[in-house]
Amino acid sequence: MQYHGRLALLWHDVIVERALDTLTLTSRPQAVQRKAAVVDPQSVITAIDHFCKQRMGHEYGRGESVITLEFNPDYSDTARQVIRWSGLEEKVQQVEGASGTWIPRLKEHFGAQAFDLVFLDHWKDRYLPDTKLLEECGLIQKGTVMLADNVICPGTPDYL
């Protein structure tokens, strides 16, 4: 972080934040500022909740969905509860297991064709093999947006 701190900030502030703003069709800080009262923590929390409810899960149209893979059984249980509580069980499909096992099964199991967006946030040494596997399985193609967390710190030089 000491040597790549500026790159990490650039990655987060320019790439990740702008991608999220594009996906949600607005700037998240601006959306919160429009709804929240100054020096009123509860109104800020309410504005964030409103934004997430209006712009995240409910943005999907018919036929669009999210498939999320989780290896850790404890995290998988938590994710399953959050998905159920959010009321998005029809739009968010969550599976438990290793990415290398699940990626070849996604087309068959979910009827997935090619993904519009892939977000990687798991073992950094799996980013490149999983990306290649997604490509081999025909799940990513020209136009697929690939986002990956922590590529600079701790780093994934092979993936980059």
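Mentor: Buried means under 20% relative accessible area, exposed over 50%, partly exposed in between (1.4 Å probe, protein chains only). This is a predicted model: local features need pLDDT of at least 70, side-chain atom pairs pLDDT 80 or more, while totals for chains, interfaces and linings use all residues. Residues count from 1 along each chain as its sequence is written, and side-chain values use heavy atoms, without hydrogens or water.

Trainee: Is Tyr-127 buried or exposed?

Mentor: Look at the relative accessibility of Tyr-127. The value is 0%, so Tyr-127 counts as buried.

Trainee: Which residue lies over the face of Trp-102?

Mentor: Trp-102 is buried, because its relative accessibility is 9%. A charge sits 4.2 Å from its ring centre (cut-offs: NZ of Lys or CZ of Arg within 6 Å and within 35 degrees of the ring normal). The residue is Arg-105.

Trainee: How far from Ser-86 is the C-alpha atom of Lys-53?

Mentor: Ser-86 belongs to helix 4 (residues 73-86). Ser-86 is partly exposed, because its relative accessibility is 36%. Lys-53 is 33 residues away along the chain. The C-alpha separation is 8.8 Å.

Notes
Helices (H or I, at least four residues) and strands (E, at least two) are DSSP runs, numbered from the N terminus.
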